Amino acid sequence: MKVRASKFITLLKRSKTSLLTISRELGVCESKLIRMLNGSQPFDYQQSKRILEIFGADAMVSVIDWEGMNVRCPV
């Protein structure tokens, strides 16, 4: 899954969560999470599943980069 970095950061601020907390939840280092947000590396299935569990699908629908994954938004 690819996400839009600016919208993901906004979501983190709204939920009062840090990049360090999310990186620990996903089991990656903070620098790898930043590379994922910059688009050079997508989230794998387990990481995507965990992000959706943390924030919920309703919040993530606008954050996911549907065009970047070459998928039409299901909503």
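Guide: A helix here is a DSSP run of H or I with at least four residues, and helices are numbered from the N terminus. By that numbering, N70 falls in the segment after helix 5 (57-60). The model is predicted.

Visitor: How many helices and strands are there in the protein?

Guide: The protein has five helices and zero strands. Its pattern along the sequence therefore reads α-α-α-α-α.

Visitor: What makes the protein as compact as a globular protein of that length?

Guide: Its radius of gyration is 11 Å, and the globule rule gives 11 Å for 75 residues; the two values are close, so the protein is as compact as a globular protein of that length. Along the principal axes, the C-alpha atoms fill a box of roughly 30 × 25 × 20 Å.

Visitor: Why is N70 called exposed?

Guide: A residue is exposed when its relative accessible area is over 50%. N70 has a relative accessible area of 71%, so N70 is exposed. N70 also has a positive phi of about 60 degrees, although it is not a glycine. Most residues other than glycine have a negative phi.

Visitor: How do you know that K16 counts as exposed?

Guide: The cut-off is again over 50%. The relative accessibility of K16 is 77%, and therefore K16 counts as exposed. K16 is placed in the loop between helix 1 and helix 2, and its phi, near 55 degrees, is a positive value in a residue other than glycine.

Visitor: Which residues of helix 3 (residues 30-37) are called buried?

Guide: Buried means under 20% relative accessible area. In helix 3, the buried residues are L33, M36 and L37.

Visitor: How do you know on which side of helix 3 they lie, the same or opposite ones?

Guide: They cover an arc of only 95 degrees around the axis, so they are on the same side of helix 3. The buried residues of helix 3 pack against helix 1 (5-14), helix 2 (19-26) and helix 4 (45-55). Just after helix 3 comes G39, with a positive phi of about 95 degrees.

Visitor: What share of the residues in the protein is buried?

Guide: Of the 75 residues, 29% are buried. The accessible surface of the protein is about 4900 Å², and carbon and sulfur atoms hold 51% of that surface.

Visitor: What share of contacts between residues at least 6 apart in sequence joins residues at least 24 apart?

Guide: The share is 56%.

Visitor: How many positive and negative charges does the protein have, and how far apart are their mean positions?

Guide: There are 12 positive and 7 negative charges, and their mean positions are 3 Å apart.

How values were computed. Residues are numbered from 1 along each chain as its sequence is written. This is a predicted model: local features need pLDDT of at least 70, side-chain atom pairs count only at pLDDT 80 or more; totals for chains, interfaces and linings use all residues. Side-chain values use heavy atoms; hydrogens and water are left out. Helices (H or I, at least four residues) and strands (E, at least two) are DSSP runs, numbered from the N terminus. The radius of gyration is taken over C-alpha atoms; the globule rule is 2.2 Å times the number of residues to the power 0.38. Buried means under 20% relative accessible area, exposed over 50%, partly exposed in between (1.4 Å probe, protein chains only). Contact means heavy atoms within 4.5 Å. Accessible areas come from the Shrake-Rupley method with a 1.4 Å probe; for residues, only the protein chains shown count as cover. Lys and Arg count as positive and Asp and Glu as negative; His and the chain ends are not counted. The place of a charge is taken as NZ of Lys, CZ of Arg, CG of Asp or CD of Glu. The arc is that of the directions from the helix axis to the C-beta atoms.
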